[in-house]
Amino acid sequence: ESELITKYLEMSLQPECEGAIDQIINEAIVSERHESPVKLNLDKLKKYSDEFKDIVKSEFDNVLDLLNFSHQGYKIFKKWYIMGRLYYHIMVDQEHPEEGIQELRYVDPRRIRKIKEVRK
């Protein structure tokens with residue numbers, strides 16, 4: 001997987017590929033000044049309370065703020081599109097977990113390996 005990701009990154013630097021990728025991302029990410037480029041739609045979760053939905057929306061907005069998605073969304077989407085995966089290390093204060101996610105740290109997907117543990 002690491003070799004494939006490196007190959008994808010190298011391919012994305014070719015002028016023809018780079019132009020095509022930029023066109024795709026420009027169509028996918030539409031940024032307007034007063035609106036977020038992504039929204040969370042929870043309309044189909046009818047069996048959950050409005051209070052629960054508000055909590056989920058609040059945390060979703062918090063994650064977008066931590067990622068600075070309104071300004072970095074293009075770069076984040078481009079990384080995901082080229083590499084095919086995107087990993088973040090979620091930082092939570094162990095002494096005060098009720099405060100939620102404190103920070104998101106980007107992790108290079110070439111450094112992540114899937115480990116399968118078989119229990120007998």
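Buried means under 20% relative accessible area, exposed over 50%, and partly exposed in between, with a 1.4 Å probe and protein chains only. Helices (H or I, at least four residues) and strands (E, at least two) are DSSP runs, numbered from the N terminus.

This is a predicted model, in which local features need pLDDT of at least 70 and side-chain atom pairs count only at pLDDT 80 or more, while totals for chains, interfaces and linings use all residues. Residues are numbered from 1 along each chain as its sequence is written, and side-chain values use heavy atoms, with hydrogens and water left out.

**Along H3**

Show H3 end to end. It has 18 residues and spans 26 Å from its first C-alpha to its last, close to the 26 Å expected at 1.5 Å a residue. That expected span is 1.5 Å times one less than the number of residues.

Now select Lys53. This residue is buried but has no salt bridge. Its nearest side chain of opposite charge is Asp50, 4.5 Å away. Lys and Arg count as positive, Asp and Glu as negative; His and the chain ends are not counted. A salt bridge puts a side-chain nitrogen of Lys or Arg within 4 Å of a carboxyl oxygen of Asp or Glu. Leaving aside neighbours within four places in sequence, Lys53 is in contact (heavy atoms within 4.5 Å) with Leu42, Leu45, Lys46 and Tyr48.

Move to Leu67, which is buried at 18% relative accessible area. Not counting residues up to four places away in sequence, Leu67 touches Gln72, Ile76, Tyr88 and Leu104. Widen the view.

Asp65 has 60% relative accessibility, so it counts as exposed.

Step past the end of H3 to Asn68. Its phi is positive, near 55°.

**Ser12 in H1**

Jump to Ser12, in helix H1 (residues 2-12). Ser12 is buried, at 9% relative accessible area. Its side chain reaches the backbone oxygen of Leu9 at 2.7 Å. Beyond its neighbours within four places in sequence, Ser12 is in contact with Cys17, Glu18, Ile21 and Ile82.

**Salt bridges**

How many salt bridges does the structure hold? There are five. Start with Asp22 and Lys78, whose side chains meet at 3.4 Å, N to O. Asp22 lies in helix H2 (residues 15-28) and Lys78 in helix H4, so the pair ties together parts that are 56 residues apart in sequence. Asp22 is partly exposed at 23%, and Lys78 is partly exposed at 22%.

Next, select Glu103 and Arg105. Their salt bridge is 3.1 Å, N to O. Glu103 is partly exposed at 35%, as is Arg105 at 41%.

Finish at Asp108 and Arg110. The closest N and O atoms of this salt bridge are 2.9 Å apart. Arg110 has 27% relative accessibility, so it counts as partly exposed.

How values were computed:
Polar contact = N/O pair within 3.5 Å; in protein donor to acceptor, adjacent residues only side chain to side chain.
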